[in-house]
Amino acid sequence: MRIKFLGAAQVVTGSCFLLEVGNHKIAVDCGLFQGTKELKERNYRDFVVPPSSIDFVLLTHAHIDHSGLLPKLIKHGFKGRVFATSATADLCEVMLPDAGYIQEMECERKNRKYRRSGRKLIEPIYTAEDGEKAMQYFERVAYGDIIPITPQITARFLDAGHILGSSMLEIWVNEGGQETKLVFSGDIGNVKQPFINEPSFIFNADYVIMESTYGNRTHKHKDDKQDMLRQAIVDTYQKGGNLIIPAFAVGRTQDIVYEIARLQKQGSIPVVPIYIDSPMAIKATQVLDRHPSMYNEEVNQLISEGWHPLRLENLHYSVTAEQSRALNEKPGFNIIISASGMCDAGRIKHHLRHNLWRPECTILFVGYQALGTLGRRLVSGEKLIRIHGEEVAVRAEIRNIDGFSAHADQTALLAWLRQFIKPPRQVFVTHGETAAANKLAQLIDEQLNIEAIVPEMLQEFDLTVDVKAKCELLRENYQNVAQKLELYMQSGMDISDCDTLLRRLRELERWLDSVI
């Protein structure tokens, strides 16, 4: 059994992990790279392995950095099945064609310039039609069901508490009578999010592949995020400008609308026009509205009191391009929530172009901004940016509330791993920038005494356990460490000075228990 890291290795995006068991290849996720120009260019490269050689894809959730290259995989020869929860499939039905459409529009815009300059024209990675065709390969699964993948492999999807339908994966592999369990964390959700339930805990695994988006920091505004949102609304209302909120179409948009509904119910903000200006966010909101059985208790309580957060009277949906353009002609104060959340594509770029130069406006960021994105540059304080070939001065107020993140922070990530009754042999730390992944790996090693590895892009690991050879090696190491401890104690050394040896002894005992 081997695992190869085809994406999300020392970067946040492009999630894709290839598991090879015997003659079978299974991909966990197949996501789009986002961020810097170098990362985006990876989306155009050939797949490292032929798509036709991959038998199955297990999809943790619908976010485009986890699902966004599925249409390309299928377009280039994948013929297998894509396993995902029903809610994830419903969201992908919205997101994949939309991603294809955005690529078509971006290519069309660039090709207009390339024609004039005589440069070679480019093609989209895939089209909206390719995104629609990809849905034919989906097979819907339910949380908690044991799914037979192959005679050697079974899997189970558990709620990751990240967005609607998001999953962690438990995968059991039987090789030569030896069972090995792998856990893929997917994106572990933040606690106390609107609509969705808390992340699941898992209590045993041999190997864990876990995310580290916030591996080197904690959320600063978890307890006062609602008040910071209230303050941003009130301050901008008093200035008479627009409040522009770049937000991911799936999850974050609906969360922000929910918090605004709560503030309106409390009477702590004026009732003002709210516009969701993203066709994908609108469709995603409709998907969420179709899954009330997945709402948490807090949302159900609000609805029972007559405040359905997705059906406010002052909530409006801008479906067409004409409706979107009209928002920038509306006088007075408006709240405009638009995608993409990192400002790299979509209608948000037009709203930034029309509002960034206005000091009475506020741009409010409520999610993670990957390195190289327009959102990251604005949060970092750049004062002049280029949007669609036009330089725009940044005079609007830039605010950031990271408490709305749908990702677990460093404290929560470690707490999730601490719940394992049988600690894993190794943890592979993925889905984070290098500093974040390395910091989390260091803490896992120091605090939990578990070997943590930060894989490089395309790095491959052999997870096959040769039980006999492993036992012999471990017994030899165990005896050496035990003898050293005994010599130290006979020499009168304080046992507390032997922390390193004791730690190594405990590690060897755990390995022996796991393989005998």
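The legends below describe close-up views of a predicted model.

**View 1. A nonpolar patch on the surface, formed by Phe201, Phe203 and Ile421.** Together, Phe201, Phe203 and Ile421 have about 340 Å² of accessible area. Phe203 is found in the loop that runs between strand S10 (178-184) and strand S11 (207-211), and with a relative accessible area of 41% this residue is partly exposed.

**View 2. The crossing of helix H13 and helix H14.** Two packed helices are described by the angle between their axes and by the distance between the axes. Here the axes of helix H13 (residues 410-418) and helix H14 (residues 434-448) come within 11 Å and cross at roughly 45°, which means that H13 is oblique to H14. The crossing in which H13 passes H14 is right-handed.

**View 3. Glu451 in strand S21, shown with Pro424.** Glu451 lies in strand S21 (residues 451-453) and counts as partly exposed, at 35% relative accessibility. Although 27 residues separate Glu451 from Pro424 in sequence, the two are 8.6 Å apart in space, taken from C-alpha to C-alpha.

**View 4. Salt bridges of Glu38 with Arg45 and of Lys40 with Asp344.** The side chains of Glu38 and Arg45 meet in a salt bridge, at 3.7 Å from N to O. Glu38 is partly exposed, with a relative accessible area of 36%, and Arg45 likewise counts as partly exposed, at 46% relative accessibility. In the salt bridge between Asp344 and Lys40, the closest N and O atoms are 3.1 Å apart. Asp344 lies in the loop between strand S15 (335-338) and helix H11 (348-355), whereas Lys40 lies in helix H1 (residues 37-41), so this pair ties together parts that are 304 residues apart in sequence. Lys40 is partly exposed, its relative accessible area being 32%.

**View 5. The salt bridge between Arg311 and Asp289, with a network of four residues.** The side chains of Arg311 and Asp289 meet at 3.0 Å, N to O. Because Arg311 lies in the loop between helix H9 (297-304) and strand S14 (315-317), while Asp289 lies in helix H8 (residues 279-289), the pair ties together parts that are 22 residues apart in sequence. Arg311 counts as exposed, at 54% relative accessibility, whereas Asp289 counts as partly exposed, at 24%. For the model, the count of salt bridges comes to 29.

Note on methods: Residues numbered from 1 in each chain as written. Predicted model: local features only at pLDDT ≥ 70, side-chain atom pairs only at ≥ 80, totals over all residues. Heavy atoms only, no water. Patch = residues over 30% accessible without salt bridge, like charges linked within 9 Å, V, L, I, M, F, W, Y side chains within 5 Å. Areas by Shrake-Rupley, 256 points an atom, 1.4 Å probe, with all protein chains shown as cover. Helix = DSSP H or I, 4+ residues; strand = E, 2+ residues; numbered from the N terminus. Buried < 20%, exposed > 50% of the residue type's maximum accessible area, 1.4 Å probe, protein only. Axes fitted to C-alpha atoms, helices over the stretch in contact; angles between N-to-C directions. Parallel < 35°, antiparallel > 145°, perpendicular 65-115°, else oblique. Left-handed = near helix turned anticlockwise from the far one by under 90°.
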